Amino acid sequence: ADYLTLTFTRPNAVSDVEYAVEAGGDPGDWPDSAVPVDGLTTDNGDGTTTYTYRDLQPIEDSDRRFLRLSVEWSE
């Protein structure tokens, strides 16, 4: 099956920021979490790592789906 994916790069040295990939069928409602794709985390060798996440729901099972990256300062 095909899945919606989201790829992002983050700095390795930043420890006070939380990243979460959220999924949903409406851009105003984010009830689900996406999951990391095995084997698609890459240390870029420049102090950053690239991550790929995918929706749990196959594309063909829904009329529309959205993914978003939520980034928050942790305290």
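Reply: Let's start at Tyr19, which counts as partly exposed at 24% relative accessibility; buried means under 20% relative accessible area, exposed over 50%, and partly exposed is in between, with a 1.4 Å probe and protein chains only. Bear in mind that this is a predicted model, where local features need pLDDT of at least 70, side-chain atom pairs count only at pLDDT 80 or more, and totals for chains, interfaces and linings use all residues. Residues are numbered from 1 along each chain as its sequence is written, and side-chain values use heavy atoms, with hydrogens and water left out.

Now the rings. Phe, Tyr and Trp rings (the six-membered one for Trp) pair if their centres lie within 6.5 Å; planes under 30 degrees apart are stacked, over 60 edge-to-face, and the rest tilted. That rule gives three aromatic pairs. One of them is Phe8 with Tyr19, stacked at 5.6 Å centre to centre with 10 degrees between the planes. Phe8 belongs to strand E1 and Tyr19 to strand E2, so to speak two distant parts of the chain, 11 residues apart. (Strands, E, at least two residues, and helices, H or I, at least four, are DSSP runs numbered from the N terminus.) Phe8 is buried, with a relative accessible area of 9%. Its ring also pairs with Tyr51: the centres are 5.6 Å apart and the planes at 25 degrees, so this pair is stacked. Here the link runs from E1 to strand E6, across 43 residues. Tyr51 counts as partly exposed at 22% relative accessibility. Put together, ring pairs link Phe8, Tyr19, Tyr51 and Tyr53 into a cluster.

Phe8 and Tyr53 turn up again in the largest nonpolar core, whose seven residues are Leu6, Phe8, Val21, Ala23, Ala34, Tyr53 and Leu67. E1 and E2 (17-24) are the elements that give two or more residues to this core. A core here is a set of buried Ala, Val, Leu, Ile, Met, Phe, Trp, Tyr and Cys residues joined through side-chain atoms within 4.5 Å. From Ala34 you can trace contacts (heavy atoms within 4.5 Å) to Val21, Tyr53, Arg54, Asp55 and Leu67, leaving aside residues up to four places away in sequence.

What holds the strands alongside each other? Two strands pair if DSSP finds at least two bridges between them. E1 (residues 5-11) and E6 run antiparallel, joined by seven bridges, with Thr5 standing opposite Arg54. E4 (residues 35-36) is also antiparallel to E6, over two bridges, and there the partner of Val35 is again Arg54. E5 and E6 make a hairpin with four residues between them, and Gly45 in the turn has a positive phi of about 75 degrees. Five of the seven residues of E6 (residues 48-54) are buried, so the strand is largely enclosed by the rest of the structure. Arg54 has an aromatic neighbour too: its charged end sits over the ring of Tyr3, 3.9 Å from the centre. That label requires NZ of Lys or CZ of Arg within 6 Å of the ring centre and within 35 degrees of the ring normal.

In the two-bridge antiparallel pairing of E2 and E3, Glu22 has Ser33 as its partner.

Glu22 also brings in the charges. A salt bridge is a Lys or Arg side-chain nitrogen within 4 Å of an Asp or Glu carboxyl oxygen. Arg68 and Glu22 meet in one at 2.6 Å, N to O, linking E7 with E2 across 46 residues. Glu22 is buried at 18%, while Arg68 is partly exposed at 35%. Another joins Asp32 and Arg65 at 3.2 Å. Arg65 also bridges Asp55, with the closest N and O atoms 2.7 Å apart. Those shared partners join Asp32, Asp55 and Arg65 into one network.
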